[in-house]
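Have a go at each one before you read the solution.

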Amino acid sequence: MSAVAETTEGPIEVIQVLFALHPGFGAQELCGPLEILSKALHKIHDPNTRAFECTFASGSPGVTSSSGLTIKADIDIKTAHEDLSEYDVLIIPGGDGVDDVLKKSAEPLELIKAFAQLQTSDPSKERTLMSIGTGSLLLAQTGILQGLAATTHPDYYTKMEIICKDAARRGDLEQTDVMEENYVVNNARFELGEKLEENPFVLSKRPDGRRKSIARKGSNAWKESVKRRESNARRATLKLGGLRLITSGGITSGLDASLYLVAAMVSHESAQEVARVMQYTWNKGVTVEGIDV
């Protein structure tokens, strides 16, 4: 499945992204991140260096959003499970249909658990799980947020806390820190650099005076991270085998988290260029755990 973009300097592997869609997903929670990822380039002036390839998976050939947008699935959920190891990123949009997924214990709950377990069993590969809006409630329901920090749409903070507490009682009693943040990143990978004030991924203070998280943001470019001599044993000691886990708030927070993903896996310059083209101001979130590389 791994697509390859050809450049004058040789092939660049395209990052494989799987969107898991449920009936009643939020259209903008899909389309916003999709637009950002589709515009991201490894080399910002070379259209042949696209960074991401996106695939849609659902339980039916066509899946309809809460606003009536119908998306044709590229693969069904069964195939998504079978091919899960080929994907670098799994994205879970929220939307009005999240409640039905929770009530019925339906997909993509099992897909989320399988992706997290895949990283735990094989920490040698860098994988990312990202939720948009209330998609984080599905992550919480699976129990994978135990011992981590996360956020969701502001209207659902209380529900998120309840789901996380229930998951803790079912599991090993580790709690989840539900944070009032734009987006929250666990298990990031980044270089701090010698001058922190010049690092675009480091927030030295919060402008609004609210509680401060460990304020590191961002990571290396994808092409650098795949060459990095990172200890698999060290990554395996992290929660979920070092799975990069990103949760975001509302719709625009999903845009911000997607720009973070571009910066983390491609380059900060690429993320800035996407934001410029979209005439969008990128608002940063926070990182609560990471690996210094």
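**Exercise 1.** How many disulfides does the count come to?

Quick ground rules: this is a predicted model, where local features need pLDDT of at least 70, side-chain atom pairs count only at pLDDT 80 or more, and totals for chains, interfaces and linings use all residues. Residues are numbered from 1 along each chain as its sequence is written, and side-chain values use heavy atoms, with hydrogens and water left out.

*Solution.* Take a disulfide as a pair of cysteine sulfur atoms within 2.5 Å. The count is 0 disulfides.

**Exercise 2.** Classify Cys31 and Cys164: buried, partly exposed or exposed?

*Solution.* Buried is under 20% relative accessible area, exposed is over 50%, and partly exposed sits in between (1.4 Å probe, protein chains only). Cys31 has 34% relative accessibility, so it's partly exposed. Cys164 has 3%, so it's buried.

**Exercise 3.** Describe how helix α5 (residues 135-142) packs on helix α6 (residues 157-170).

*Solution.* Start with the axes (lines fitted to C-alpha atoms over the stretch in contact, with angles from 0 to 180 degrees between N-to-C directions). They come within 8 Å and cross at roughly 15°. Angles under 35 degrees count as roughly parallel, so α5 and α6 are roughly parallel. Next, list the contacts (heavy atoms within 4.5 Å): Ser136, Leu137, Ala140 and Gln141 of α5 meet Lys159, Met160, Ile163, Cys164, Ala167 and Arg170 of α6. Cys164, the buried cysteine, is thus part of this contact.

Notes: Helices (H or I, at least four residues) and strands (E, at least two) are DSSP runs, numbered from the N terminus. Angles under 35 degrees count as roughly parallel, over 145 as roughly antiparallel, 65 to 115 as roughly perpendicular and the rest as oblique.
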